[in-house]
Amino acid sequence: MIGADTGLMHMATAVGCPTVTIFGPTPAQKWGHTYGSNQVILAPEGDMSKVAPQTILEALKRALA
């Protein structure tokens, strides 16, 4: 699952679904799941529109490896 820091992302992680979570202004250190098949992307300057699609694709490949 790919998405922003939402309740659905936390539920997906809880049931073992590989996730790529994009964090903007919320603290990834507190809410990010950085274990197993979960990947965290920190948006530059907290602005999610500045995350390059290639960054998401690379994180997805790591999550599914």
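Predicted model: local features only at pLDDT ≥ 70, side-chain atom pairs only at ≥ 80, totals over all residues.
**Entry 1**

Next I looked up which way the side chains go. Thr19, Thr21 and Phe23 point one way from β2, while Val20 and Ile22 point the other way.

**Entry 1: the neighbours of β2**

Which strands pair with β2, and in what sense? On one hand there is strand β1 (residues 2–4), which pairs with β2 in the parallel sense over 3 bridges. On the other hand there is strand β3 (residues 38–42), also parallel to β2, with 5 bridges. I picked threonine 21 as my landmark in β2. Glycine 3 stands opposite threonine 21, and in β3 the bridge partner of threonine 21 is valine 40.

Putting this together, I noted an open sheet of 3 strands in the order β1-β2-β3, with parallel pairing. The edge strands are β1 and β3, each of which pairs on one side only. Neighbouring strands of this sheet are turned by 25° against each other on average, direction ignored.

**Entry 2: helix α3 on the sheet**

I then checked helix α3 (residues 53–64), which packs on the sheet and touches β1, β2 and β3. The direction of α3 makes about 160° with that of β3.

**Entry 3: helix α1**

What kind of unit do β1, helix α1 (residues 7–14) and β2 make? I found a right-handed β-α-β unit. Helix α1 lies across β1, β2 and β3, and runs at about 150° to β2.

Then I asked which residues of α1 are buried. They are Met9, Ala12 and Thr13. These three sit on the same side of α1, because they cover an arc of only 100° around the axis. A reminder for my own use: an α-helix has 3.6 residues a turn, so residues three or four places apart point the same way. The buried residues of α1 pack against β1, β2 and β3. On the other side of the helix, Leu8, Met11 and Ala14 are exposed.

**Entry 4: the loop with glutamate 45**

My last stop was the loop between β3 and α3, where glutamate 45 lies. For context, most residues other than glycine have a negative phi.

How many salt bridges does the structure hold? I found 1, and glutamate 45 is part of it: its side chain meets that of lysine 50 at 2.6 Å, N to O.

Are the two partners buried or exposed? Glutamate 45 counts as exposed because its relative accessibility is 73%, and the cut-off for exposed is over 50%. Lysine 50 has a relative accessible area of 42%, so I wrote it down as partly exposed.

Notes:
Residues numbered from 1 in each chain as written. Heavy atoms only, no water. Buried < 20%, exposed > 50% of the residue type's maximum accessible area, 1.4 Å probe, protein only. Helix = DSSP H or I, 4+ residues; strand = E, 2+ residues; numbered from the N terminus. Pairing = 2+ DSSP bridges. Right-handed = clockwise from strand over helix to strand, strands pointing away. Arc of directions from axis to C-beta. Contact = heavy atoms within 4.5 Å. Axes fitted to C-alpha atoms, helices over the stretch in contact; angles between N-to-C directions. Salt bridge = Lys/Arg side-chain N within 4 Å of Asp/Glu carboxyl O.
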